[in-house]
Amino acid sequence: MVHELDTFFKPKSIAVVGASRDSRKIGNAALKNILISDYECKIYPINPKEKTILGLKCYKKVTDVPGNIDLVLISVPAAIVAQILKDCVKKNVKNVIIISSGFGEIGRHDLEDELKQIIKNKKMKILGPNVMGYKNASIGLDASFVYGTPRKGNVALISQSGALGIGMIYLANNEFMGVSKIIGVGNKINIDDDDLINYFAQDDDTKVVGLYIEAVKNGRDFMNSIKACDKPVLIVKAGKSKAGARATASHTGSMAGSDKIYSAAIKQAGGIRCRDIVELFDMARALGGQPPLKGNRIGIVTNGGGLGVLLTDACEENGLEIPKLSPKTYKKIDKILPDLINPNNPVDLSADAGFYRYETATSALLEDPNIDGVIVASVHGGYARPEEFTGAILKMIRERKLHEEYKKPILATWVGGKEFEDLVWDLKSAGVPIYPSAWRTARSMLGLYLEGQRIKKEKQKKKGQQFYFKEKK
Ligand code: COA
């Protein structure tokens, strides 16, 4: 089935109103981004003064363009946006992105109301105003005015803040986190978070949805969209403190609302509230490539006792259990440990642990029916050989033991310096969720656990419904 935002994200023709020859202007950057996109579509610059811009024929108005326009980007001062939008209605344009600022965020709600009035009872979809646009990495289209090319992947990102959205592109690249789409929603006069969650729920290229929000316009629709989404929805809700709420009001002109109500509503709808963007990315990397946790019992493998204790504390603090080893697993691991060390959970492989010990202990934990997921940790120091730690994880991933055989997740943690970090890049680029802190690893495991619980509840609900319908018959 074709979704109503399909032509918005995959337009066959795009016009840029306010396209300019001046490379310092946003209208120039927006046109250039579309032009250099690895995506084929018709492109129409609109500017009343120019004949050509960036080698493309220029039109005075959208109504002068021959043929249909699926998407219009508007980058002219706020005062003339309404007139442009009326032209778009006349031209039967399907979707509009209003980049221009100067609306509700500075108290000019009257200008926003005028735009709403123009599209009242029309099918047209509008993103913004006050937005960067979007980057659709799944198909290679850049319909934004900002720099940065995200890596292609399965996480869809929605940001109420344009600048933060731009920062997220770079952070995601740095973390080797692939993105399907990244979009700024700005003042949300028409396309809202719930519309996008609904779209990403059915988008085959998206496995995880992440949002940065300051305020929600329609709480019920927002909750319903999360409930209906059969994918993890990770949310950073800002404006928690009194001063933060004040900052929200002056940033996007919206009310932050009661933080406790937001937390409870997100939880009830099945979403996961993240403390900040880094945590959202940590969880997204885990959820994007690993199976969810079926239970909360975690096995830990480490070459450093201290790191094992830190991980244990962090897991327990987040509601995850570190159970004792079963006699069978104890025996398997005992065989590979030096004589003076007894296996335990956390399994301390000792400082000189190499490839074989890491691989055997991790596999033993994954095979244990009393363990739902494994954290593999390494401290760079003493006799430690980080490349044997990373090599063992890569081998297990390559052999697909984690996903196909055991359907259990594995996360990794490290403590060390530059030499270790270079090896960590290899793991990150292979899609292994690895973190430089025990706390971040435990929180990411919690994300996998909460997703596992959501799936379990959904299954139970469906079973209950089937039973109900059978009874009714
Ligand atoms: N149709 C098409 N183009 C028109 C036009 C019309 N009716 N009227 C004017 N233009 C042209 C201008 O002549 C100009 O082209 P030129 O460079 O060839 O002269 C171009 O549109 C842009 O207009 P200009 O007045 O130069 O505006 P600007 O580019 O300096 O600023 C915005 C426009 C939208 C970028 C600015 O008002 C703004 O809102 N900036 C903030 C954007 C932002 O940060 N958004 C949120 C991001 S998260």
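**Figure 1. A network of salt bridges in the predicted model.** In this predicted model, salt bridges link Glu175, Asp282, Arg285, Lys428 and Arg440 in a network. A search of the whole structure finds 26 salt bridges.

**Figure 2. A salt bridge between Glu367 and Lys332.** The side chains of Glu367 and Lys332 meet with a distance of 2.6 Å from N to O. Because Glu367 belongs to helix H13 (residues 355-367) and Lys332 to helix H12 (residues 327-334), the pair ties together parts that are 35 residues apart in sequence. Glu367 is partly exposed, at 36% relative accessible area, and Lys332 is partly exposed as well, at 28%.

Figure 3. Asp113 pairs with Lys116, and their closest N and O atoms are 3.8 Å apart. Both residues lie in helix H4 (residues 109-119), separated by 3 residues, or about one turn of the helix. Asp113 has a relative accessible area of 42% and is partly exposed; Lys116, with 35%, is also partly exposed.

**Figure 4. A salt bridge between Glu388 and Arg385.** The N to O distance between these two side chains is 3.4 Å. Glu388 counts as partly exposed, with a relative accessible area of 23%, and Arg385 is partly exposed at 35%.

**Figure 5. A positive patch on the surface.** Lys294, Lys407, Lys459 and Lys463 form this positive surface patch. One of them, Lys459, is found in helix H17 (residues 438-472). Lys459 counts as exposed because its relative accessibility is 58%, and the cut-off for exposed is over 50%.

Key. Residues are numbered from 1 along each chain as its sequence is written. This is a predicted model: local features need pLDDT of at least 70, side-chain atom pairs count only at pLDDT 80 or more; totals for chains, interfaces and linings use all residues. Side-chain values use heavy atoms; hydrogens and water are left out. Patches are made of residues with over 30% relative accessible area and no salt bridge: like charges are joined within 9 Å, nonpolar side chains (Val, Leu, Ile, Met, Phe, Trp, Tyr) within 5 Å. Accessible areas come from the Shrake-Rupley method with a 1.4 Å probe; for residues, only the protein chains shown count as cover. A salt bridge is a side-chain nitrogen of Lys or Arg within 4 Å of a carboxyl oxygen of Asp or Glu. Lys and Arg count as positive and Asp and Glu as negative; His and the chain ends are not counted. The place of a charge is taken as NZ of Lys, CZ of Arg, CG of Asp or CD of Glu. Helices (H or I, at least four residues) and strands (E, at least two) are DSSP runs, numbered from the N terminus. Buried means under 20% relative accessible area, exposed over 50%, partly exposed in between (1.4 Å probe, protein chains only).
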